[in-house]
Amino acid sequence: MLLIKCPWCGYRDQTEFSAQGEAHIARPENPYDLDEEQWGDYLFFRKNPKGVHYERWVHSHGCRRWFNVIRNTASDHVHATYRPGESIPELSDEETNQPA
Amino acid sequence: MAVTPKTYSIFSLARNALNYHQGWQKAWRDAEPKRDYEVVIVGGGGHGLATAYYLARECGIQDVAVVEKGWLGGGNTGRNTTIVRSNYLWDESAGIYEHAMKLWEGLSTDLNYNVMFSQRGLLHLAHSVHDMQEIGRRGNAIYLNGIDSEFVTPQQVREMVPFINLDCRYPVHGALLQKRGGTARHDAVAWGYARAADSLGVDIIQNCEVTGFHIENNTVKGVETTRGRIGAGKVGCVVAGHCSVLAEMAGFRLPIESFPLQALVSEPVKPILDCVVMSGAIHAYISQSDKGELVIGAGSDAYLSYSQRGSFDIIEHTVGPIVELYPIFSRLKMLRQWGGIVDVTVDRSPLISKTPVNNLFFNCGWGTGGFKATPGSGHVFAHSIKAGDMHPIAEPFSINRFNTGALIDEGAAAAVAH
């Protein structure tokens, strides 16, 4: 079970949150111009990395606000959380290259 | 060189018993990797070993290596709840899971290895009007595909499981029964396929992790491993839990996310439950192993992770309904709990497919329910690799369906964890 820092409410138990997948996927500005390949790629294809993952969470049983989490998917260690629109916190080399 | 294994039989058992069991030979060789193979299979789980076996047995390709980063069957093959069934909604799924079921039915004889396949019957409980509508639709679809499927009343459920609490927080309104469903010994499936493949000349190479692909002109030429480069005419990746990691090495992405899925077993008790009971609505399913342990499958965690652990709250959400439905189990002690990483596609159907790289094939994304498909998956994948073109049963499971939109939505029939 993870302890996650909501940028608005502070540290809370993971069961209060819902994970909503990869972050920073921008909706295409011209959806009607996309071909099947591009549209499928936007909708379904994901990085799914073993290591540092930038993802979206929502504080469903709390303030119900969305935010971003940087978490290592191999160790489940949460490196940082930040609000939508905020600049992405930089990780140290050590954090980025944590052994899987 | 392959050695012809001595056939297992009642006579070999008696002969070895008289010899204090000193005379058994190893089930497979510990092969050293050669420089080149016609086909390299990445992943020594059930599906990978089955692929190698059918390549050697039915496709005439004996020059095959199976490379495995750990030990055989140490991934999801050894972590599942051993349930076998073919009661899926869509025609494409019925095609592959029923193909597997038919192979299961002759598997022990085929492999000369007892995989302890037991068609003890499988109940899928319905707890609400909505559940009843779901099993009504799916049960009829299964029946129309020529697969056994019966509706049973709560009273019939009680006859099969006398200690079930039908009128509880999760009332049982009915159930879908597949009599041919059941369980098989998961380790034995990996070992049986390994032994049979080895005897046909397949090299099984354990402790050999793939670290990259050797790709020239968009065509795969081999794999880089912790034991050196191994050349290959064709490469089949049959991994669970790490298929996105392998795809990244080959330079493309997959429509997959990976989650931990947990299971747990109780202390062994005398025979009490002689069928499999599952319930999609409350994410709990249960059966009794031949050792006597109750094997309980839980839901998956809702966040992406490769940690092979899983959360405590998921166990609580699983064990709660189990105790509610089967109060008699409330005093059982749980012995072990573990997690496996399941590679889940958005439509809950697998990927058996060509990839953007020539001669590189992927068979993955089996999500929470790959074990049941092991023989069928290996069989159609072997034929696809041989032909260089997908087998008709495998064809609909192409990665391409996420671009064309021809999804095979098995969210309901996959029964758990969604």
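Hi everyone, let's start with chain A: along the sequence, its pattern is β-β-β-α-β-β-β-α, which comes to two helices and six strands. Helices here are DSSP runs of H or I with at least four residues, strands are runs of E with at least two, and both are numbered from the N terminus.

A word on the source: this is a predicted model, where local features need pLDDT of at least 70, side-chain atom pairs count only at pLDDT 80 or more, and totals for chains, interfaces and linings use all residues. Residues are numbered from 1 along each chain as its sequence is written, and chains are lettered from A and ligands numbered from 1 in the order in which they are written.

Back to chain A. Its C-alpha atoms fill a box of roughly 45 × 35 × 25 Å along the principal axes. Of its 100 residues, 18% are buried (20 or more other C-beta atoms within 10 Å of the residue's own; exposed is 12 or fewer, partly exposed is in between, and C-beta atoms are placed from the backbone).

Now, how many residues does each chain bring to the contact? Chain B gives 21 residues and chain A gives 21 residues, with contact meaning C-beta atoms, placed from the backbone, within 7 Å. On the chain B side, α8 (243-250), β12 (256-266), α9 (312-325) and α11 each supply at least two residues. By class, that side has eleven nonpolar, seven polar and three charged residues. Ala, Val, Leu, Ile, Met, Phe, Trp, Tyr, Cys and Pro count as nonpolar, Asp, Glu, Lys and Arg as charged, and the others, Gly among them, as polar.

Inside chain B, have a look at α3 (residues 91-105) and α10(B). They pack at about 105 degrees with axes 7 Å apart, so α3(B) is roughly perpendicular to α10(B). Axes are lines fitted to C-alpha atoms, for helices over the stretch in contact, and angles run from 0 to 180 degrees between N-to-C directions; 65 to 115 degrees counts as roughly perpendicular. Among the residues that meet are Ile96(B) and Trp104(B) from α3(B), and Pro375(B) and His379(B) from α10(B).

Which loop holds Phe397(B)? The one between α10 (374-387) and α11 (401-404) of chain B. Phe397(B) is buried, because 26 other C-beta atoms lie within 10 Å. Leaving aside residues up to four places away in sequence, Phe397(B) touches Ser349(B), Pro350(B), Leu351(B), Ile352(B) and Ser353(B).

Notes: Contact = placed C-beta atoms within 7 Å. Parallel < 35°, antiparallel > 145°, perpendicular 65-115°, else oblique.
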